[in-house]
Amino acid sequence: MAEGLDELLDEVESKFCTADPFCLGEAERCRGCGGGGGVLSADWIRAEAELHLRSTETFKKEDDLDSLINEIFEEPNFDKKPFKLKSKSSGNTSVRASIQYLGKSCSPVYLGGSTVPCGVGTTTSQRSFFLNRACDHLRCISCDFCVVSYNDYMWDKSCDYLFFRNNMPEFQKLKIKLVKKKGTRAYACQCSWRTIEELTDLQTDHQLRWICGKH
């Protein structure tokens with residue numbers, strides 16, 4: 001900008017401040033430009049030159065900004081090709097079953113002894129003994145604890161609320177009240193506990209506040 005200003009000043013001075021015999025030696029007249037003599041001061045010339053350069057740069061920046069905006073809003077010329085996902089068939093039925101049950105809840109919810117496999121309980125499993133599944137993702141909505149279960153164990157009759165309140169869910173502390181018994185499954189949260197031997201619909205036990213926490 002400094003070089004452009006100097007060039008513009010030289011051009012202006014060559015036009016308006018040429019050597020004038022009437023101006024030579026009259027410093028006040030050249031500096032003040034007063035009295036209608038038609039001679040411009042150096043300060044006024046410099047100010048006008050700077051204003052002209054700033055205006056030129058501003059217009060240039062605005063032109064660049066307009067060009068940039070136009071480029072942004074121009075519709076890109078993309079090749080619109082359909083996106084296809086490659087699918088590979090798999091004969092692994094267990095994988096398909098896992099995907100099928102992902103995020104599902106038991107309906108109805110079953111409890112069961114150690115001989116009953118765990119999984120997602122459905123109305124279909126209710127009609128077939130071989131499809132019966134006991135829920136292993138139980139949660140208590142009263143104490144907000146996950147329900148733990150231990151195969152081939154039963155709870156000792158001396159268990160009480162304070163025992164589970166103070167020791168859940170640490171097995172090392174709970175095992176002092178667990179008694180070995182084949183075929184049973186011991187369930188417990190922080191406020192309730194049960195020993196189950198057969199497939200049992202959770203809705204039949206109205207005191208339990210357990211639900212399926214989804215698989």
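Strands here are DSSP runs of E with at least two residues, numbered from the N terminus, and two of them pair if DSSP finds at least two bridges between them. The model is predicted: local features need pLDDT of at least 70, side-chain atom pairs count only at pLDDT 80 or more, and totals for chains, interfaces and linings use all residues. Residues are numbered from 1 along each chain as its sequence is written, and side-chain values use heavy atoms, with hydrogens and water left out.

**Strand pairs**

- β3 and β4 are joined in the antiparallel sense over 7 bridges, with serine 149 opposite tyrosine 187 in β4.
- β4 (residues 178–188) pairs with β5 (residues 193–196) over 4 bridges, also in the antiparallel sense.
- Alanine 186 lies opposite threonine 195 in β5, and 4 residues separate β4 from β5 in their hairpin.

**Nonpolar cores**

- The largest nonpolar core has 18 residues, of which Val109, Leu111, Leu138, Tyr187, Leu202 and Trp210 touch the most other members.
- At least two residues of this core come from each of β2 (138–140) and β7 (210–212).
- Another core, of 11 residues, lies apart from it and includes Tyr150, Trp155, Cys159 and Leu174.
- A nonpolar core is a set of buried Ala, Val, Leu, Ile, Met, Phe, Trp, Tyr and Cys residues joined through side-chain atoms within 4.5 Å; buried means under 20% relative accessible area (1.4 Å probe, protein chains only).

Methods:
Buried means under 20% relative accessible area, exposed over 50%, partly exposed in between (1.4 Å probe, protein chains only).
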